[in-house]
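This briefing walks through a structural model, topic by topic. Please keep the sequence and the coordinates at hand while reading.

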Amino acid sequence: MSAGGPRWARRGVPLAHRLIAFDRMRFGITIAGIGFAVVLMLFLLALYDGVRVESNGYVAGRPADAWVAQDNTTNFIKSSSFLRAAIADTLRTVPGVTEVSPILRLITTVDIGPRRTTAIVLGIDPASSLARPEVVEGTAQLQRGEMILDRALAQRHGARIGDSLRAQGHPFRLVGLSRGTNAVLTQLAFIPIDDARELLGFREVASFLLVRGDSGTARDTLVRRLEGRVAHTSVFAQPVFAENNMQELRGGLLPILATVAVLGGVVALSVLTLLLYGAILERREAYALLKAIGAADGYLARLILAQSLAAVAGGVLFGVLAYLGAAPITRQVVPEMVLSLSPWSLTGVAAAALLLGALGALVPLLRVARIYPAELFRA
Amino acid sequence: MSEREMAVRLAHVTRVFGAVGETQVRAVDDVTLDLPRGGLTLLMGASGSGKTTLLSLIGGLIAPTAGSVVVEDMSLVGLGQPALTALRLRRIGIVFQAFHLIDALSVRENIELPMNLAGVERPESQARALQLAERFGLHDRLDFRPRALSGGEKQRVAIARALANDPAVILADEPTGSLDARAGDAVIALLHAEARQHRRAVIVASHDPRIAPFADQVVRLAFGRVDGIEVPLR
């Protein structure tokens, strides 16, 4: 730094800053317009991340090495899988297998007080930790006639530990609240597998079998040993099954969210371009003057870009603050809405916004290129 | 006058606007003129006589249809926009009837702007802006916004801005057109002094006859042509 101060301060009149500050109302409207589009993008990306993590959380979080399902069943979310319960006994005889735990999946009504909702009810073996969800309140140890409920579903309907519920008309007592069990469009509930079989009306049935191997057996080896052991079954390594599930999510709700997020970006770009364009038309004389007194094209480009990026930076700041303020309220009002904004998504929105700033400056730049300084002589 | 004293030389300059046919206008028609340093040249004529077009041609704001324009020994014909822009920045100052000050900037910043565009950094540009403001009686208005100034003050700021990069040529389009008589006289006196004291070529386009006594030569234009050149008696 020289005696004249920092270089940025010595460069010259901060024209971009002055032009922005001169019309605060317009700048405020621009920031708000971009900011609301950023909020929309952040919400959608947070929902995207939330769905990605939370909807797949239960499957991805199982401490199992392999999933066994009915043949041609590839995932947990969009499938119907029925297995004979006795298959579990066959699999226990496979070398390296230490534990096999059945899951019976039902989609049925759950009555919470006077309100009825539909949930995915999983019948699990209370004695096994393989299928047990992560419980954040109450207990994970289920007894007959007890239920663990997804915490978002419980919050939505005001259910508390100890409350009496009904699943498919049968009474249950709520003993635990779980997380990682919110599939957004529906939520998971857990009951003992014997209760689930009674609800279904079939005794010797399961939907999936979770298999754990001993520490000396590699996962792939275990999967190979399980494959073909029982006819009409498919065996998946745990990460493969979780990824299959994620693929189903990507092919369903996630593209819709991504599309709407892109539309939010288009809205932001339109707002930015429109307001910058209007600002330049309003200041047409100033740009003509700059050209007349010898401002190079590069200077004008930087001037417009600086205004655009300042508006975008303000809009992103506005959007992030608005998101941080609104997200907790949204979670209270709509508990099923899983918002989980990753640092990558936040960085992505900021980078996309900067790109929008550069793109948003293009049309105004073309407009400035068509302003002729000689027109000042007529005014 | 010797050739070396000429700041601007126009040779058979023609500028045509519009397409061929009835809508075509010969705004400047075969004009040949030498405009000296150290003097104020007044371009006089009725509206539509070609005064403003001639200023635009000298300033490189538009290109001639035919003929040559030489400013400070540099032919403008064939020069690209970047070169013309650089020429205006460093060698030509322009004063407009409507002032065209940037209302978002203070008086000091308006004067500084051409210097900053030319690469002069701030402490230096601020000091020169102060000098110019003092020369034109604006030192107590440096932090004012243009809207707070009178018409005469605005035009003095515009002249200070035009002089910021110490140009050889000043182009002034109806500089008294928006001013009352007293302020107009003061502005013309300033421009005349700049021509004389700093050996600039000051070229004023106006139909205001009150300016003629300040001019070193009066070029009368009619229908885009030179209708006569007079040297006023003092």
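In chain A, strand β3 (residues 97–112) and strand β7 pair in the antiparallel sense over three bridges, where two strands count as paired if DSSP finds at least two bridges between them. Helices (H or I, at least four residues) and strands (E, at least two) are DSSP runs, numbered from the N terminus. The model is a predicted one, in which local features need pLDDT of at least 70 and side-chain atom pairs count only at pLDDT 80 or more, while totals for chains, interfaces and linings use all residues. Residues are numbered from 1 along each chain as its sequence is written, and chains are lettered from A and ligands numbered from 1 in the order in which they are written.

**Strand β7 of chain A and its partners**

- Opposite A:R166 in β7(A) stands A:D111, and A:R166 also stands opposite A:P171 in β8(A).
- The pairing of β7(A) with strand β8 (residues 170–179) of chain A is antiparallel and runs over four bridges.
- Two residues lie between the strands in the hairpin of β7(A) and β8(A), and A:Q168 in this hairpin takes a positive phi near 50°.
- A residue is buried if 20 or more other C-beta atoms lie within 10 Å of its own, exposed if 12 or fewer, and partly exposed in between, with C-beta atoms placed from the backbone.

**Confidence**

- The model scores ipTM 0.91 and pTM 0.75.
- For chain B the average pLDDT (the predictor's confidence in each residue, from 0 to 100) is 91, and 97% of the residues score at least 70.
- Within chain B, confidence is lowest in helix α6 (residues 181–198), at a mean of 90, and highest in strand β4 (residues 66–71), at 96.

**Overall form of chain B**

- Chain B has a secondary structure of six helices and ten strands.
- The radius of gyration of chain B is 17 Å, close to the 17 Å that the globule rule gives for 234 residues, so chain B is as compact as a globular protein of that length; the radius is taken over C-alpha atoms, and the rule is 2.2 Å times the number of residues to the power 0.38.
- Taken along the principal axes, the box filled by the C-alpha atoms of chain B is roughly 50 × 40 × 40 Å.
- Of the 234 residues of chain B, 48% count as buried.
- Among contacts in chain B between residues at least 6 apart in sequence, 69% join residues at least 24 apart, a contact being a pair of residues whose C-beta atoms, placed from the backbone, lie within 7 Å.

- Four strands of chain B form an open sheet in the order β2-β1-β4-β5, with antiparallel pairing, and its edge strands, β2 (25–36) and β5 (74–75), each pair on one side only.
- Strand β1 (residues 6–17) of chain B pairs with β2(B) in the antiparallel sense over eight bridges, and B:L10 has B:L33 in β2(B) as its bridge partner.
- Helix α1(B) lies across β1, β2 and β4 of chain B and runs at about 60° to β2(B), where axes are lines fitted to C-alpha atoms, for helices over the stretch in contact, and angles run from 0 to 180 degrees between N-to-C directions.
- Eight of the eight residues of α1(B) (residues 51–58) are buried, so the helix is largely enclosed by the rest of the structure; among them are B:K51, B:L54 and B:I58.
- Following α1(B) is B:G60, whose phi is positive, near 70°.

**The contact between chains B and A**

- In the contact between the chains, 29 residues of chain B meet 23 residues of chain A.
- On the side of chain B that touches chain A, the elements giving two or more residues are α1, α2 (81–91), α3 (107–117) and α4 (122–135) of chain B, and α3(B) gives the most, with six residues.
- The residues on that side of chain B divide into 16 nonpolar, six polar and seven charged, where Ala, Val, Leu, Ile, Met, Phe, Trp, Tyr, Cys and Pro count as nonpolar, Asp, Glu, Lys and Arg as charged, and the others, Gly among them, as polar.

**Positive phi in loops of chain B**

- B:F99, a residue other than glycine, has a positive phi near 65° and is found in the loop between β6 (92–95) and α3 of chain B; with 23 C-beta neighbours inside 10 Å, B:F99 counts as buried.
- B:R199, likewise not a glycine, has a positive phi of about 50° and is found in the loop between α6 and β8 (201–206) of chain B; with 14 C-beta neighbours inside 10 Å, B:R199 counts as partly exposed.

How values were computed. Contact = placed C-beta atoms within 7 Å.
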